[in-house]
Amino acid sequence: MAALASSTFLFSPPKLAHSSSSSNLISKCWPSKSLSPENRRNLVCPIVASALCKKRTVTSELSGEDSSHNSFKKLVDSVFVLCASVALSASLFAGDVDSASAFVVTTPRKLQPDELATVRLFKENTPSVVYVTNLASRQDAFTLDLLEVPQGSGSGFVWDTQGHIVTNYHVIRGASDVKVTLADESTYDAKVVGFDADKDVAVLKIDAPKDKLKPIPIGVSADLLVGQKVYAIGNPFGLDHTLTTGVISGLRREISGATGRPIQDVIQTDAAINPGNSGGPLLDSSGNLIGINTAIYSPSGASSGVGFSIPVDTVSGIVDQLVKFGKVTRPILGIKFAPDQMVEKLGVSGVLVLDAPPDGPAGKAGLQPSKRDAFGRLILGDIITSINGKKVSNGSDLYRILDQCKVGDKVIVEVLRDDHVEKIPVTLEPKPDET
């Protein structure tokens, strides 16, 4: 019977219970690595043989006390060994081949609450972020065929269920065709609804099913604070849907747009923004849009920890006008002015008028441009020092004041003419190409 038990144990690995009371003890006693069949045989056989020998010794000692019970005890022992062998054999044959695998416990990955919030934010907002490809027409030098080749790419996001996509103007500038790729990798031809080159904002439109369009939640940028967490989602270097995190490093920054006109109240962040992130959303910790990633400050062109985003309060007004009218109506004075460095060399503060076309707002009001006399000497024109009582020290101040006005507003322009100050009323008009 002992031989039967030994042969049973030779070819089957031990199956151990997974109960909480015995798991710690078993894990300490059993080998931590998988055993080969030969090693299992060498390990199990001595243990079984020793146990059976001890059982036989105890039985022989008890049998000497009373010969009348000897035959009965042998029968009991035989039945005990047989039952134990059958039970253990059945459990071993039903067990796994790898004995060590029974003791390997794989615990689920545990994330901190802030990590879970970040993962949830990325998962919920990724379907709203798109990939924008700028295509340009090129003629083959040999076949003279007209081809469309990619000349740039960037990011964007879904504005509404009507298919409007918001991105940067410089992402689509000079494009003969634009394609938009959604999160499910479906690609659509995009139509340019309109753009605001001054503020670097553009609106596209695609004909996609509404169930594929998930508008991004719109937030507020007026109450942002330096130090709060922000998240940027985009397609840097063509790597789709990349998440970078950081904080708001500064507020009310000023950068130049594609036309040289300054963009005020820009958000500065240290979240990594690389080429391809342009046009993508900047989100707060609630997953709401607070800005459009538009530029970085970097000598190398890669992220240097100083990125800029156009605030959503500015973007919302621009997008609404582009969707309704296809253009942004912004007031102008109708002048050309000298660079700030030139005015500084003259030792004065303000905006020097170089040209004021007679059919423009300033020309109609009587502002004097710079000119040369009969001898070729330069005669300086008017120097604008304030508008509506607000001081104008440079071109940025002038644009900032005009951004707060509307077409048709009458403003009082204070100028320095020769050696005296004059106040001239000017009625603001839209750009000639926006009438």
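Is Arg330 buried or exposed, and what is its relative accessible area? Arg330 is buried, with a relative accessible area of 9%, where buried means under 20%, exposed over 50% and partly exposed in between (1.4 Å probe, protein chains only).

## Basis of the model

This is a predicted model, in which local features need pLDDT of at least 70, side-chain atom pairs count only at pLDDT 80 or more, and totals for chains, interfaces and linings use all residues. Residues are numbered from 1 along each chain as its sequence is written, and side-chain values use heavy atoms, with hydrogens and water left out.

## Salt bridges around Asp403

The structure holds 15 salt bridges, each a side-chain nitrogen of Lys or Arg within 4 Å of a carboxyl oxygen of Asp or Glu. Arg330 meets Asp403 in one of them at 3.8 Å, N to O; Arg330 lies in the loop between α7 (312-325) and β13 (331-332) and Asp403 in helix α10, so this contact ties together parts 73 residues apart in sequence. Helices (H or I, at least four residues) and strands (E, at least two) are DSSP runs, numbered from the N terminus.

Arg261 also forms a salt bridge with Asp403, at 3.1 Å from N to O. Arg261 is buried at 4% relative accessibility, whereas Asp403 is partly exposed at 27%. A network of salt bridges links Asp196, Asp198, Lys199, Arg261, Arg330 and Asp403.

## Strand β7 and its partners

Of the 6 residues in strand β7 (residues 229-234), 5 are buried. Strands pair if DSSP finds at least two bridges between them: β7 runs antiparallel to β8 (residues 242-256) over 6 bridges, with Tyr231 opposite Thr245.
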